[in-house]
Amino acid sequence: MSMKKLKIPLQVFSLALIGCMLCACQTDNALPQTTRPQKPPQQVLEEQLIDDTHDAFLVDTGGKLGILLVTAELDEKTSTEVCRATIQFTIWNPYSMDEPLQTLTADTNIFLDWNIIDANFDEYMDFTCTYLRGNQPYYEHLWIWNEEHGLFEEVPEYDKISVPTLDEETETIYGFNRSSATGTGEHTFHQWIEGNLLCVRKIEIYSIDQSGTVRMSIQDFVDDELVEIYHEDFPPQSYGWHDAQMVWHNLDYHGEAKEEN
C-alpha cells in the first residue's frame, strides 16, 4: 500500500521535471525572436521624417561601418553672422539606431542640397552640403570620412572653393568665381598635402586701371604661402586672357618669371 503511494509522487515529479525542461527549451528558442529584427539601410531611410526642415540620406563610406544614415534638421531661429540658419547633421548606424555616432553643426542659407563624393581621393566616401548660392558661384561645407576614427571630419578650407569640381586623375579640386561677363574672376586649384587641403595655385584676372586693362596674375604655393610667379596685362577688348590662362591650368607648368622693365 505504501509502495503504491510512493510511485505516484515520483511519477508526478518526473513529469514536472520534463515539463520544466521543455519550457526552458521553448524560452531559449523564443529569445532570438523577441530581439528587434535588423532593417536594411534603405528601409530605415524611408522611415525618416522629410519635410521643409528635415531631410535624410545614406553615405556608403566604403569602410568597416559601411552604409551610414545622415539625418538633417534646419534651425531657422538660430542664425549666424554670415548665414540665415543653422543645420544639424546626425550620423547613425542604421543597424543600431539607439544612439547616434556623432552630430555635426554648420551654417547655411539654403536647404538642403547635398552630395556624396570622395573629396580627398582615399576611396572612402564623404559628403558636402551647399551653404551659399549666388547667380554663378556656390559654396559647400565638406566632411570627410576618417576610417581610423570612424567619424566624419569638417574641412574648413573647402568652404572657400567656389563651384568645386573634382579631377580624380590629378587629384585636384578646381574652383572658379566669375566677377564679370567677360570671364574675369578667380580660378583656384586645391590639392591634399600631408592630409591638409591647400590652394596650390590661384589665377586672378581683374581690371587694373580706368582704361579697363586686364591683368592675369598667377600665384603658386611656395614656402607655405601663395606667391605671384607671373603676371601679364591685356588690352580690354582683346580678351587675350581667355587663352593665356588655360596653359596655367596644368599644374606641372610653371612658366618663366616675368622680367620687369
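Buried means under 20% relative accessible area. The legends below refer to a predicted model.

**View 1. Histidine 187 in strand E11.** Histidine 187 has 5% relative accessibility, so this residue counts as buried. A polar contact of 2.7 Å links the side chain of histidine 187 to the side chain of tyrosine 174. Not counting residues up to four places away in sequence, histidine 187 touches Tyr174, Gly175, Phe176, Arg201, Lys202, Ile203, Ile205, Gln245 and His249.

**View 2. Pairing of strands E11 and E12.** Strand E11 (residues 185–193) runs antiparallel to strand E12 (residues 196–207), and nine bridges join the pair. Across this pairing, histidine 187 stands opposite isoleucine 203 of E12.

**View 3. The open sheet of six strands.** The strand order is E9-E10-E11-E12-E13-E14, and the pairing is antiparallel. Strand E9 (165–167) and strand E14 (225–234) are the edge strands, each pairing on one side only. From one strand to the next, the twist averages 20 degrees.

**View 4. The largest nonpolar core, with 18 residues.** Ile87, Phe89, Phe127, Trp143 and Phe152 have the most contacts inside this core. Two or more residues each come from strands E1 (54–60), E2 (67–75), E3 (85–92), E4 (102–108), E6 (126–133) and E7 (138–146). A second, separate core has 13 residues, among them Val200, Ile203, Val214 and Phe234.

**View 5. Surroundings of phenylalanine 127.** Neighbours within four places in sequence are left aside; the contacts of phenylalanine 127 are then Phe57, Val59, Val70, Phe89, Ile91, Leu104, Asn115, Ile116, His141, Leu142, Trp143 and Phe152.

Note on methods. Residues numbered from 1 in each chain as written. Predicted model: local features only at pLDDT ≥ 70, side-chain atom pairs only at ≥ 80, totals over all residues. Heavy atoms only, no water. Pairing = 2+ DSSP bridges. Helix = DSSP H or I, 4+ residues; strand = E, 2+ residues; numbered from the N terminus. Axes fitted to C-alpha atoms, helices over the stretch in contact; angles between N-to-C directions. Core = buried A, V, L, I, M, F, W, Y, C linked by side-chain atoms within 4.5 Å. Buried < 20%, exposed > 50% of the residue type's maximum accessible area, 1.4 Å probe, protein only. Contact = heavy atoms within 4.5 Å. Polar contact = N/O pair within 3.5 Å; in protein donor to acceptor, adjacent residues only side chain to side chain.
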